[in-house]
Amino acid sequence: MRRALLPIDRHIAQRVGFTAITLMAFATVLPIIAVVIYILVQGLPAISLEFLTGFPHDGMRAGGILPAIIGTIYLTIGTAIFSVPLGIAAAIYLSEYASDTPLTRTIRIAIINLAGIPSVVYGLFGLGLFVLFLNFGTSILAASLTLSIMTLPVIISTAEESLRSVPQAFRTVSISLGATGWQTIRRIVLKEALPGILTGVILGLERAAGETAPILFTGAAFFLPRLPHSPFDATMALPYHLFVISTQVPEMPIKIQYGTALVLLVFVLTMNLIATVIRSRARARRQW
Amino acid sequence: MDKIIIENLSLQYSDGIESLRDVSLNIRENAVTVLFGPAGGGKSTLLRCLNRLNDLTEVKAASGRILIDGQNILDPTIDVIALRRKVGMVFARPVVLPLSIRGNLTYGLELAGEKRRSKLDEAVERSLKLAALWEEVKDRLDDPAIALSGGQQQRLCLARSLALQPEIILLDEPTSGLDPISTGKVEAALQELKKEYTIILVPHSVQQAGRTADYAAFFLQGELVEYGEGKSLFTAPKQKRTEDYITGRFG
């Protein structure tokens, strides 16, 4: 026969459960903190003005990583140029204009699935379409376009979600005051959704900045003695450079590897921080 | 003078719910016409037909005509934007746009192409005075509108429709969320406004219907049961169903 729980037993059960959940939460955060601290400790000695502003030399075993830093910035900007307008436009279409038809449902499913495709597949796709078929060559342009396609699902789905979270009543009121649908979107809906959209954009771009596989065949160079001059030049990039100096160069000083990793980490975490600041500021200011 | 003539209006939503059945009704200028009855009677649907806000919902079939100043506004070729400027609306829940107090009032005018600061300021002051809100907010027009109290927000919504200088004002249970003092202020404002505007009100209670109506129309399940002058309808209704509702036997 089962004994009914006494109030004191319930209290203990709650205690145990709560403690277990708290421990699990810590367990997930700990590795992240450990990684950051480890890279910081290992990489910090490598950081110097020369490391950040110089070119690699001695077969990349010495010198700086400037071309990789600049390359990653170029690729991030290039990705933003293509994916941000397209992604936001698609999100506006899906949230504000598209009615619930089999077609739009298919589009939504496609977007969700696009987000799950392994990044190396994007790389191969970019190689086939942009590098070879469209003849852009191994270039910043081809790599940016490839990264854009990979980033689009993130941007579209977060932007659509933040557009949808704008109360429907705002739209009705705006329309009732003689606004057209587009005026309502531009003046009210987009304005309110902007912080959420920006957060999605930054998170998407951040992922693009840290990816290796999509640029592997489309735009990344093993080593370049100079900075790229045009979108049709190949470029060095931080994640690929890290891969190269970790696996392809024998007798590589470990310090430089971790220094590169640290720069990449700071780059990505800074974007993350910006996204968090935008989000929390908007939340504080939100009027509904 | 009849401002609005509704002829044999029937309307069905795409989920199959019939919302209005063969409604014919003449609404007079410079008076408060009250549409009342239990929920689901078609009052709000009728209101939303008058400024074509039903365009936003899935309407399966509509038949009949609505003439405003002789023009059939259900005609798909009419200028809906111009119609909505002419027929203002205040909703049940005060929805202020996420703008300043001034921004809420000038929103519609700016969309209509008014850029002159003097005209906009003039409209802000005039409409706030009409809605009996001017004294309370004149020193903080640039504050966010959301900071106002519920009653003030609802009067701001009224002022916002008035800023466009409409001819007709539709009010869908405008005082349902308000305390009695704020409700009194809104009702008093309506009595002033009817001198210049045609007002159609869906009240939130029979008592409010009785207090405000020059003319009253009783709706039950999409059907117009009875329509007449407020005084006679509330004291001596001709239909049994109207009487039952007014005296609180159902609804």
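Guide: What follows sets computed values against their definitions.

Guide: This is a predicted model, in which local features need pLDDT of at least 70, side-chain atom pairs count only at pLDDT 80 or more, and totals for chains, interfaces and linings use all residues. Residues are numbered from 1 along each chain as its sequence is written, while chains are lettered from A and ligands numbered from 1 in the order in which they are written.

Visitor: How many helices and strands does chain A have?

Guide: Chain A has 11 helices and two strands; these are DSSP runs, numbered from the N terminus, with helices being H or I of at least four residues and strands E of at least two. Their order from the N terminus is α-α-β-β-α-α-α-α-α-α-α-α-α.

Visitor: How does the radius of gyration of chain A stand against that of a compact globule?

Guide: The radius is taken over C-alpha atoms, and the globule rule is 2.2 Å times the number of residues to the power 0.38. For 288 residues a compact globule would have a value near 19 Å, but chain A has 24 Å. The C-alpha trace of chain A spans about 70 × 60 × 40 Å along its principal axes.

Visitor: Why is helix 1 of chain B called largely enclosed?

Guide: A residue is buried if 20 or more other C-beta atoms, placed from the backbone, lie within 10 Å of its own, exposed if 12 or fewer, and partly exposed in between. Eight of the eight residues of helix 1 (residues 43–50) of chain B are buried, so this helix is largely enclosed by the rest of the structure. Among them are Lys43(B), Arg48(B) and Leu50(B).

Visitor: Which residues touch the most other members of the largest nonpolar core?

Guide: Such a core is a set of buried Ala, Val, Leu, Ile, Met, Phe, Trp, Tyr and Cys residues joined through C-beta atoms within 7 Å. Of its 140 residues, Leu50(B), Ala159(B), Leu170(B) and Ala216(B) touch the most other members. Helix 6 (residues 140–164) of chain A gives the largest share, 14 residues.

Visitor: What makes strand 7 and strand 8 of chain B a pair?

Guide: Two strands pair if DSSP finds at least two bridges between them. Strand 7 (residues 168–172) and strand 8 (residues 198–202) of chain B have five bridges, in the parallel sense, and Leu171(B) has Leu201(B) as its bridge partner. Both strands belong to an open, mixed sheet of six strands in the order 6-7-8-3-9-10 (chain B). Strand 6 (87–90) and strand 10 (223–229) of chain B are edge strands, each pairing on one side only.
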